[in-house]
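Welcome! Have a look at it first, and then read on.

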Amino acid sequence: MRAVIFKSPCIAVSKPKKQPEVNAQKCVGCGRCVNEIGCPAIALSGGKAVIDRTLCFGCGLCGQICRIGAIGTDG
Ligand code: SF4
Ligand code: SF4
């Protein structure tokens with residue numbers, strides 16, 4: 001018999017309280033947040049960054065890497 005013990009809550013069950021949002025009006029589609037982090041939750045779509053909330057665990061790294069402040073917890 002085997003058991004998996006998680007060190008932190010699974011994002012498939014427990015969503016983080018703060019997930020960033022992309023302000024589509026600010027985003028210029030440079031792709032920096034997609035290419036430099038490698039996070040599976042963020043991608044470019046229609047020339048804008050989009051975040052898949054089902055995969056995002058709220059680390060905030062994408063918000064730090066966007067030079068124009070298009071990603072934040074308040075949009
Ligand atoms: S780094 Fe900022 S401006 Fe560039 S694609 Fe990501 S959100 Fe948009
Ligand atoms: S907050 Fe972290 S997990 Fe969520 S999209 Fe940004 S880099 Fe990915």
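**A first look at the chain**

Among the contacts in the chain with a separation of 6 or more, 63% are between residues 24 or more positions apart. Please keep in mind that this is a predicted model. The points below go from the overall fold to the two ligand surroundings and then to one residue.

**Overall fold**
- Two helices and four strands make up the secondary structure elements of the chain.
- Along the principal axes, a box of roughly 50 × 20 × 20 Å holds the C-alpha atoms of the chain.
- The chain has 75 residues, and 13% of them count as buried.

**Around ligand 1**
- Ligand 1 is surrounded by 13 residues, of which C27, C30, C33, A49 and C66 are the closest.
- Sorted by class, this shell holds ten nonpolar, two polar and one charged residues.

**Around ligand 2**
- Ligand 2 also has 13 residues around it, and the closest are C39, A41, C56, C59 and C62.
- Its shell consists of eleven nonpolar and two polar residues, with no charged ones.

**A closer look at A24**
- You can find A24 in the loop between β1 (21-22) and α1 (32-35).
- A24 counts as partly exposed because it has 14 C-beta neighbours inside 10 Å, while a buried residue would need 20 or more and an exposed one 12 or fewer.
- Although A24 and M1 are 23 residues apart along the chain, their C-alpha atoms are separated by 49 Å.

Technical notes: Residues are numbered from 1 along each chain as its sequence is written. Chains are lettered from A and ligands numbered from 1 in the order in which they are written. This is a predicted model: local features need pLDDT of at least 70, side-chain atom pairs count only at pLDDT 80 or more; totals for chains, interfaces and linings use all residues. A residue is near a molecule or strand if its C-beta atom, placed from the backbone, lies within 6 Å of it. Ala, Val, Leu, Ile, Met, Phe, Trp, Tyr, Cys and Pro count as nonpolar, Asp, Glu, Lys and Arg as charged, and the others, Gly among them, as polar. Two residues are in contact if their C-beta atoms, placed from the backbone, lie within 7 Å.
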